[in-house]
Amino acid sequence: MGKLDGRVVLITGAARGQGEKEARLFAAEGAKVVLADVLDDQGEAVAKEIGGHFVHLDVSKEEDWGAAARAAKDAFGKIDGLVNNAGILRFNELTSTPLEEFQQIMNVNQVGAFLGIKTIAPEIAAAGGGSIVNTSSFTGITGMALVGAYAASKHAIVGLTRVAALELAAKKIRVNAVCPGAIDTAMSNPAQLDPGGDIQAGTEALDELYRKLVPLGRVGRPEEVARLALFLTAEEDSAYITGQPFVVDGGWLA
Ligand code: NAI
């Protein structure tokens, strides 16, 4: 018996990173997974491996959401779970952030999750209830220099989560958020964090940085976030939990 037997869960940003690990774990727990992403080839390949269904979805486009919901129902008959995981990160001081960059980050991270809730919550309600997990960040709880737009979008996810939980509880939909710390995916690749710098993936310098920053002494694994998303999606684990952000960061914020 899997924890998600009979469930149909749509996961955004599922072609790689944390979303891919969530898709694999949820499928292993019995769910039919709809993988949604802008990376078509990678998403198709993962979907094929786990018996899921891939849909092209730019989370910032409302028309894409409508099409994705229809495709999910055509494939599996209903939707009763959503993981809003897709996100982007850019580094800039607020005073040098171009308006277009700020808006792009908001559109994907914040508006994307809003559209996901707006489009998919009625489907989950029609299926009799279920769960929504939004992806915030430790920068959705505290500040960090150079990620102003990102941190603003991730703080917004926490607010969205609380309001959605209040509005959707009567429809038997629970809404929670995961707030990862530094997780080992393309997003936290040092080539992006420190372009041209001397901290590179797989080096002792990077390990040393995480030993200093993170009480548990290492970067997080995407599977560790997927485990929390599974816990928050599975009724048997979290039936009485809604409206809350959960930090998974090796103790960074402790
Ligand atoms: P990633 O960059 O490997 O994965 C992000 C995924 O989102 C990719 O598959 C990408 O194609 C997809 N995506 C980007 N824009 C999209 C759009 N407009 N529509 C649909 N899909 C889109 O990074 P990772 O780490 O797996 O990120 C997953 C989530 O976790 C993001 O929301 C991120 O902000 C959050 N997060 C990541 C942390 C980290 O250290 N890696 C820390 C805290 C939060």
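Predicted model: local features only at pLDDT ≥ 70, side-chain atom pairs only at ≥ 80, totals over all residues.
**Exercise 1. Find which residues of β6 point one way and which the other, and say whether they are buried or exposed.**

Step 1. Take one side of the strand. I173, V175, A177 and C179 point one way from β6.

Step 2. Take the other side. R174, N176, V178 and P180 point the other way.

Step 3. Judge the cover. The residues of both sets are all buried. The cut-off here is 20 or more other C-beta atoms within 10 Å of a residue's own.

**Exercise 2. Work out which strands pair with β6, and in which sense.**

Step 1. Start with β5, residues 130-135. This strand is joined to β6 by 6 bridges, and the two run parallel.

Step 2. Find contacts along that pairing. T135 has V178 as its bridge partner in β6. V133 stands opposite N176.

Step 3. Turn to β7, residues 245-248. Here 4 bridges make the link to β6, again with parallel strands.

Step 4. Find a residue pair. V178 stands opposite F246 in β7. V178 is also the partner of T135.

**Exercise 3. Explain why β5 is described as largely enclosed by the rest of the structure.**

Step 1. Count the buried residues. In β5 they are 6 of 6, so the strand is largely enclosed by the rest of the structure.

Step 2. Check both directions. G130, I132 and N134 point one way, while S131, V133 and T135 point the other. All of them are buried.

Step 3. Look at a strand that pairs with β5. Strand β4, residues 81-84, pairs with β5 in the parallel sense over 4 bridges. L82 stands opposite I132 in β5.

**Exercise 4. Trace the β-α-β units that contain β5, and give their handedness.**

Step 1. Follow the chain into β5. β4, helix α4 (residues 99-126) and β5 make a right-handed unit.

Step 2. Follow the chain onward. β5, helix α5 (residues 148-168) and β6 make a right-handed unit as well.

**Exercise 5. Describe the shell around the ligand: which residues come nearest, and how do the residues divide?**

Step 1. Count the shell. There are 29 residues around the ligand.

Step 2. Pick out the nearest. These are G13, G17, G87, T185 and M187.

Step 3. Sort by type. The shell holds 14 nonpolar, 12 polar and 3 charged residues.

Step 4. Helix α1, residues 17-28, does so, with 3 residues.

Key:
Residues numbered from 1 in each chain as written. Buried ≥ 20, exposed ≤ 12 C-beta atoms within 10 Å, placed from the backbone. Pairing = 2+ DSSP bridges. Right-handed = clockwise from strand over helix to strand, strands pointing away. Near = placed C-beta within 6 Å. Nonpolar A, V, L, I, M, F, W, Y, C, P; charged D, E, K, R; others polar.
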